[in-house]
Structures are given as C-alpha cells and as structure tokens.
Amino acid sequence: MNQVFEALGQRWKKAAERRGVKIEEPVLDPKIAEELLELARVVAHTTERRFAPLATYTAGMAVERLREARAEDAGATAAFIREVREELERESPPNGGGGGTGGRGVREPRAPRGPATRHERSE
C-alpha cells in the first residue's frame, strides 16, 4: 500500500522468523485499509478514541477467522468490515456523542488520579 506498511510487513515477517516461524509479509490491500480506517473513525467517534486501534485489531482477527473458514478476496473482506462498521454507525447516537468529547468536540477532563508516580514526577 505504501512504504510504511511495506516496511512494517517486513518487520512482522522477521519477528516471526526470530520465533522460528515463517510467515508471508502481511500486505495491506487499499480497499481493506480504507474500511479499517473508517471503522477506526466510527469507533473513535462513538465510544472512546483509544478503542479505535483495538477495534481494528479485532477486525483483523475476525477477517482471519473468516478466511480460515472460507477464502475471501479483498473486495469481500472489505465488505465484511464495512457491514459491521455500518451497523455501528446506525446504532450510534446522532452527532457522534462518543470519543470522550461529550458530543461537543472537546474532550472532557479526566478524573484526578492518585499521587504521581516517580516516573511521572521526573517528566
């Protein structure tokens, strides 16, 4: 898709090899990438922004399980992700309402935490 993801694919392959496993470099199809980005957007705006990466991770797991059960091409895989994303969009409140913004586009302050840790004090 682009150099960033090509390099990342090589890193995944090499990391697997260091564990004694040979895998093909993961390749990110543009159609699937677009659907993953849209899924991340919807989750970030309808729940908590920090859940977006985890949502795309679960999408990846679901796609792999679908492929194990039945081979799918990139278009069918993108449609699979889109189906779930569109369900989330239909179920979300109007005007977003998530992402920790209180529906105003401004992040609400977090509740105060306990005393700062030694690491936090040194920064």
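1. Let's start with Glu35, which counts as buried because its relative accessibility is 7% (buried means under 20% relative accessible area, exposed over 50%, and partly exposed in between, with a 1.4 Å probe and protein chains only). Before going on, a word on what you're looking at: this is a predicted model, where local features need pLDDT of at least 70 and side-chain atom pairs count only at pLDDT 80 or more, while totals for chains, interfaces and linings use all residues. Residues are numbered from 1 along each chain as its sequence is written, and side-chain values use heavy atoms, with hydrogens and water left out.

2. Now the overall layout. The protein chain has five helices and zero strands, so what you see from the N terminus on is α-α-α-α-α (helices, H or I with at least four residues, and strands, E with at least two, are DSSP runs numbered from the N terminus). Of the 123 residues in the protein chain, buried ones make up 20%.

3. Which residue does Glu35 meet in a salt bridge? The partner is Arg85, with 3.2 Å from N to O (a salt bridge is a side-chain nitrogen of Lys or Arg within 4 Å of a carboxyl oxygen of Asp or Glu). This pair links distant parts of the chain, since Arg85 sits in helix α4 (residues 74–91) and Glu35 in helix α2, 50 residues apart. Arg85 is buried as well, at 9% relative accessibility.

4. Arg85 has another partner to look at. Its salt bridge with Glu89 puts the closest N and O atoms 2.8 Å apart. Both residues lie in helix α4, four residues apart, which is about one turn of the helix. Glu89 counts as partly exposed because its relative accessibility is 29%.

5. Over in helix α2, Arg41 and Glu38 lie three residues apart, again about one turn of the helix. They form a salt bridge too, the closest N and O atoms being 2.8 Å apart. Arg41 is partly exposed at 34% relative accessibility, and Glu38 is partly exposed at 21%.

6. How many salt bridges does the rule count? The count comes to seven.

7. Next, the inside. The largest nonpolar core has nine residues: Ile32, Leu36, Leu39, Val43, Ala55, Ala59, Val63, Ala78 and Ile81 (a nonpolar core is a set of buried Ala, Val, Leu, Ile, Met, Phe, Trp, Tyr and Cys residues joined through side-chain atoms within 4.5 Å). Helices α2, α3 (52–69) and α4 each supply at least two residues of this core. The largest share, four residues, comes from α2. As a general point, nonpolar side chains tend to be buried together in soluble globular proteins.

8. Val4, Phe5, Leu8, Trp12, Val21 and Ile23 make a nonpolar surface patch of about 530 Å² (patches are made of residues with over 30% relative accessible area and no salt bridge, with like charges joined within 9 Å and nonpolar side chains, namely Val, Leu, Ile, Met, Phe, Trp and Tyr, within 5 Å; accessible areas come from the Shrake-Rupley method with a 1.4 Å probe, and for residues only the protein chains shown count as cover). Leu8, one of these, is in helix α1 and counts as partly exposed because its relative accessibility is 35%.

9. Arg11, Lys14, Arg18 and Arg19 gather in a patch of positive charge on the surface (Lys and Arg count as positive and Asp and Glu as negative, while His and the chain ends are not counted; the place of a charge is NZ of Lys, CZ of Arg, CG of Asp or CD of Glu). Lys14 belongs to helix α1 (residues 3–18) and is partly exposed, with a relative accessible area of 48%.

10. A negative surface patch is formed by Glu83, Glu86, Glu87 and Glu91.

11. Last, have a look at Glu24, in the loop between α1 and α2 (30–46). Is Glu24 buried or exposed? Glu24 is exposed, because its relative accessible area is 72%. Glu24 and Lys13 are eleven residues apart in sequence, and their C-alpha atoms are 6.4 Å apart in space.
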